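Here are my notes on the model you sent over. Have the structure open while you go through the points.

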Amino acid sequence: MLKIVAGGLDDPRVVRLLGIHLTTARSQTAPDSAHALDLAGLKTPDITFWSAWESDDLAGVGALKRLSASHGEVKSMHTAQAVRRRGVGAAMLRHIIAAARDRGMGKLRLETGSWPFFRPAVALYKRHGFVECPPFGDYTLDPNSIFLTRDV
């Protein structure tokens, strides 16, 4: 059974998985197009971070960044390799969508890579109602990025 809990950024297992996420994301896209947050970036007051656990095993992570009172951004979604294709990412995404709704956000957005490595993530987001949109916030038009949005 999967349990999603707030926090975990001080747990060495979470730090290790986030290191894998950061290294992988940055290695799979152009240097100036990688927007994955490091540990310090996830500890800012505008971000809520969650970790997903199966018993004592870390299964995945995800975060919600408040862009404004009515808009949020999905950040740092990553599923541990050992449990991929078992619904962890979908459960985390549903959790983030529900949290955004509970916080009065009407829209969620995200940026992910356009390279083949990111296709499963794009498919996951689209299955959950996200559609492509123009860049938002500080992002600029970039052929290495795909921008997605959905109403909450």
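**Notes on the sheet, salt bridges and rings**

1. Start with the sheet: seven strands make an open sheet with mixed pairing, ordered 1-2-3-4-5-7-6. Strand 1 (2-6) and strand 6 (131-132) sit at the edges with a single partner strand each, so one side of each has no neighbour in the sheet. Strands here are DSSP runs (E, at least two residues), as are helices (H or I, at least four), numbered from the N terminus; two strands pair if DSSP finds at least two bridges between them.

2. A word on ground rules: this is a predicted model, where local features need pLDDT of at least 70 and side-chain atom pairs count only at pLDDT 80 or more, while totals for chains, interfaces and linings use all residues. Residues are numbered from 1 along each chain as its sequence is written, and side-chain values use heavy atoms, with hydrogens and water left out.

3. Strand 2 and strand 3 (residues 57-66) run antiparallel, joined by eight bridges. Look at Phe49: its bridge partner in strand 3 is Ala63. Helix 1 (residues 12-27) packs on the sheet and touches strand 2, strand 3 and strand 4, where contact means heavy atoms within 4.5 Å.

4. On to charges: the whole structure has six salt bridges, each a side-chain nitrogen of Lys or Arg within 4 Å of a carboxyl oxygen of Asp or Glu. One of them joins Glu54 to Arg86, with the closest N and O atoms 2.6 Å apart. Glu54 is in strand 2 (residues 47-54) and Arg86 in the loop between strand 4 (71-79) and helix 3 (88-102), so this pair ties together parts 32 residues apart in sequence.

5. Another salt bridge pairs Asp151 with Lys107 (2.6 Å, N to O). Asp151 in strand 7 (residues 145-151) and Lys107 in strand 5 (residues 107-113) are 44 residues apart.

6. Now the rings: there are five aromatic pairs. Rings of Phe, Tyr and Trp (its six-membered ring) pair if their centres lie within 6.5 Å; planes under 30 degrees apart are stacked, over 60 edge-to-face and the rest tilted. Phe136 and Tyr139 are edge-to-face, at 5.0 Å centre to centre and 65 degrees between the planes.

7. Which rings cluster with Phe136? Ring pairs link Phe136 with Tyr139 and Phe147. Phe136 is buried at 6% relative accessibility, Tyr139 is buried at 14% and Phe147 is buried at 5%. Buried means under 20% relative accessible area, exposed over 50%, partly exposed in between (1.4 Å probe, protein chains only).

Technical notes: Axes are lines fitted to C-alpha atoms, for helices over the stretch in contact, and angles run from 0 to 180 degrees between N-to-C directions.
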